[in-house]
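The points can be read in any order.

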Amino acid sequence: MIVSVINRLVVAAITLVGVGAIVFVLLRVVPGDPIAMMISPGASPADIAALRARYGLDADLATQFWMWLKALLSGDFGMSISLRRGVLSLLAERLPATLELAFAALALAVALGLFLAVLGTLARRTVCEPLIDALNGLALAVPDFVWALALVLAFGVFVPVLPLSGRINPSIDEGFVTHFYLIESLLRLKLTAFADVASHMAMPVIALGLPLAAVIVRLLKEALKEAMVQDYVLLARLKGMSELRLILQEALRNAIGPTLALTGVQFTFLIGGTVIVERIFSYPGIGNMAVDAVINRDLPLIQGLVLMFGLIFILVNLAVDALAAFFNPRLRHG
Amino acid sequence: MSPILTIERLSARVQSRDQEILSKVSLSLERGEVMGLVGESGAGKSTIGKALLGILPRDVVITGGAIRYDGRDLLALPARERRQLLGAEITLIPQDPQTALNPGRRIEAQLTDGLRMKRGLSGTQAHDKALALLEEVHIREPERVLAAYPHELSGGMRQRVLIAAAFALEPRLVIADEPTTALDVTVQKQILRLIRSMQEAHGTAVVFVTHDLGVVAQICDSVTLLYGGTVIEAGPTANMLVHPGHPYTRALIDACPRYDRPDAGLHPVPDGVISAMRRDLSQRYGRPV
């Protein structure tokens, strides 16, 4: 157990350094100059050189990487060139917004996916089943950003009931101490603020969650169908269990393995999807910040963001493996 | 006493292929009796077992006849009463212990489902009863086995657990669906003895579905031999194995490999016997057999 944990940690560290190195080199090889983006036209070559030196961009690639890595290990992610603030504090401010968005979308997808997969299994060989399959195919075929635009059109333009952009109405000031607005407002029972934050999140969460829900339904329903004809389900049915209980108690935990693995992978895609969806809804998360950072060639910020995405992917995979072992006793040993 | 089970002229057909798979099958089983239901693949032995348990595939419909259990016609019984009987008074020992236990649940949970749902036992009562059951099927360290998952047990152990589960609610009729087919030969013998001793101790009648006349000789009081969905011959085991009445029965007995005469070679059932029997059956039931 301890050995496997240490193993995972070592692999995680190597992965992060690898991701860091690739991004570092890539950013400096592709055309685009952060200094050119920030100076006013007509600055003297001496001024440009001075700025370059100030951000450490005058040294050679290997030295720059070494300096960056050394600073990283002491917890210094560097300064954002375009925002002129520490990368770490920027991430700490923006990441909670994205985490709330991503996990709310995941919760929606899992709840909707489980519900429809179980319903589709209960309703097999009735008219309900092809209906669920058809809706599912539609949800599967449409990508998150198209859902986002459709939602904007539906609930922002035709029936304007949901706010179109931002995270919270600026006139609401609850003096938040964390950046987890949704959770904090709920815990402190600031229900007006909670409702406002939730209504801002509704459309991006649906846009991000629907395609993932569709993946879950498609996979889980197939797996349940297979599990429901196993001998142990037959025996349990003989004992007099209801169909719903057969699905939940007998079939689900054996059917969920592949769905879990794929949901983990898809969830990392979903976090990637926040980049575009946050942009569409001007939602102040790290995705939106990443777009600006790339446009401004803000090298330290891009590097910090990519490392952060890498770390999230690693954590998600760890969580998926832990959950898989929880559902499948055969994975628990060794 | 009246028989515990009588099947009267039971017929069934597969709808999609429009083919009759059981033709007027009749048999009768006394209380506490073990009856072998023997036949080749497709003879209809499993179909009868499934009909008894009410788990026929959707495609198979019963077209006539009756299944009388303890005086009540199972086929005419309201669904509610039927569910009460199945899994409690009539239970199943399944064929393959690898797939008949849920890989994701502990043995205790699976062994005590019926006790808790049908008998209303509390968790501790069910636990004690499960312990006693495991001891009865000769499982050492029953506490450890109760806490184990199926993959931690051998095939023979799993089949013992399934036998314990089948007898947990004191059934009066157990359907054993080729319960030794998936096991290796040394374990087979132990499992057969175990089913016999459980059956004797509880006074349970057993329908033993098998294709193996050797197994029949070891465990069954009587035999019903099937071919093509019809009864070829029925009677007490000793009688039938020593004085087979039908040429097909005789040929089947001759086809069994003999451990005491390894040089005797194998004798497949002669084609002539089968074609004569099929002609005969086709005439009698008015369908190709």
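**Aromatic pairs and nonpolar cores**

1. At 52% relative accessibility, Phe326(A) counts as exposed (buried is under 20% relative accessible area, exposed over 50%, partly exposed in between; 1.4 Å probe, protein chains only). Phe327(A), at 23%, is partly exposed.

2. This is a predicted model, in which local features need pLDDT of at least 70 and side-chain atom pairs pLDDT 80 or more, while totals for chains, interfaces and linings use all residues. Residues are numbered from 1 along each chain as written, chains are lettered from A and ligands numbered from 1 in written order, and side-chain values use heavy atoms, without hydrogens and water.

3. Over all chains there are seven aromatic pairs (ring centres of Phe, Tyr or the six-membered ring of Trp within 6.5 Å; planes under 30 degrees apart are stacked, over 60 edge-to-face, the rest tilted). One of them, Phe176(A) with Tyr181(A), is stacked, at 4.4 Å centre to centre and 20 degrees between the planes. Both Phe176(A) and Tyr181(A) are buried. For Phe326(A) and Phe327(A), the centres are 5.1 Å apart and the planes at 75 degrees, so this pair is edge-to-face.

4. Arg167(A) lies over the face of Tyr181(A), 4.3 Å from the ring centre (NZ of Lys or CZ of Arg within 6 Å of the centre and within 35 degrees of the ring normal). Arg28(A) is placed over Phe24(A) at 3.6 Å; ring pairs link Phe24(A) with Phe65(A) and Trp68(A) in a cluster.

5. The largest nonpolar core has 95 residues, and Val207(B) is among the members that touch the most others (a core is a set of buried Ala, Val, Leu, Ile, Met, Phe, Trp, Tyr and Cys joined through side-chain atoms within 4.5 Å). Apart from it lies another core of 65 residues, including Val23(A) and Phe267(A).
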